[in-house]
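Subject: Structure handover

Hello,

Here is the structure I promised to pass on. Please open it before reading further.

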Amino acid sequence: MYTSVADQTTDQLGGPLSVLVRQKRDHVRLSALMERLRGSTGEEQAAVLIDIYRLVFPHAFAEESVLWPVMRRVLPDGEELTLQVEREHQEVNELVTKLEGLEEGSPGRADVLDRLTEVLDDDVRDEEDALFPRLQARVSRRELQVLGVLWELVRRIAPTRAHPVVARRPPGNVVAALPLSVLDRCRDAVDRALLGAPDTTTPALHRASSVLAAASHAVELLPVMRSGEDPSTRVVAGKPPFPWGTALLGAAAAGVVVAVRQSVRRRG
Ligand SMILES: [Fe+2]
Ligand SMILES: [Fe+2]
């Protein structure tokens with residue numbers, strides 16, 4: 001029988017450097033932010049959402065690039081376990097993308113917010129009650145500390161916004177980290193400046209935010225950003241992925257066929 005991370009002390013979890021202590025600390029912060037989200041509206045809600053995104057996306061990104069590969073290596077059913085949380089992370093990405101297109105008061109927004117908090121809660125429970133106690137049973141205290149330092153490093157440079165198109169696994173997510181992180185963090189600064197900004201500067205800030213969002217969506221569509229993905233990750237949300245790699249290869253092959261035919265005709 002395993003003991004949930006929620007019911008263990010810092011020392012039992014491997015000390016202050018341990019990845020389990022860092023995870024638990026972030027999960028507690030998330031639960032406080034979700035409490036604030038439930039009672040907020042307008043600009044206050046927008047500010048809480050930015051705080052949630054800045055906490056959740058780098059946190060999950062670092063899990064996907066540092067922790068889940070280790071889980072897959074050390075646990076016989078690591079593949080199955082990590083796939084489940086990758087699906088939850090993917091759904092969070094899709095819900096936040098949907099939310100960004102829904103103005104306050106628009107139909108469906110409350111449902112999306114409810115589902116978002118529900119999936120985030122499920123994700124925390126799966127990790128604290130099932131995944132992390134299993135990891136804890138397989139690796140040493142020292143390894144938990146090394147993983148903690150690595151996870152923290154990646155978390156600090158990871159993207160801070162939803163990127164539902166990017167792979168939830170290496171190498172795609174690793175390649176995406178730097179460009180998306182720079183664009184996201186600029187967008188965070190612009191969106192924060194927008195809250196309470198004077199009317200004269202609001203249009204320019206809105207434009208800057210849209211340009212940064214468009215730039216990051218263009219970057220995430222590069223086929224390399226999808227490499228390593230398990231295709232079933234996004235089918236769960238009811239939307240099979242668009243096969244960019246296949247489409248590009250198909251287009252390249254068609255171009256070669258046309259070029260060869262034209263050159264044969266010219267010679268003939
Ligand atoms: Fe977590
Ligand atoms: Fe997670």
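Predicted model: local features only at pLDDT ≥ 70, side-chain atom pairs only at ≥ 80, totals over all residues.

The core comes first. The largest nonpolar core has 43 residues. Within this core, L20, V56, F57, L67 and W151 touch the most other members. Six helices each supply at least two of its residues: helix 1 (19-38), helix 2 (42-74), helix 3 (78-100), helix 4 (109-138), helix 5 (141-157) and helix 6 (172-194). Helix 2 gives the most, with 11 residues. For background, nonpolar side chains in soluble globular proteins tend to be buried together.

Setting aside neighbours within four places in sequence, V56 is in contact with L30, V92 and L120.

Next, the backbone. P170 and P171 are joined by a cis peptide bond. Its omega is about 5°. P171 sits in the loop between helix 5 and helix 6.

Last, T233. This residue lies in helix 8, which covers residues 232-235. Is T233 buried or exposed? T233 counts as buried, because it has 20 C-beta neighbours inside 10 Å, and the cut-off for buried is 20 or more. Which residues does T233 contact, leaving aside those within four places in sequence? They are L83, E86, R87, Q90 and R168.

Best wishes

Definitions and conventions:
Residues numbered from 1 in each chain as written. Chains lettered and ligands numbered in written order. Core = buried A, V, L, I, M, F, W, Y, C linked by C-beta atoms within 7 Å. Buried ≥ 20, exposed ≤ 12 C-beta atoms within 10 Å, placed from the backbone. Helix = DSSP H or I, 4+ residues; strand = E, 2+ residues; numbered from the N terminus. Contact = placed C-beta atoms within 7 Å.
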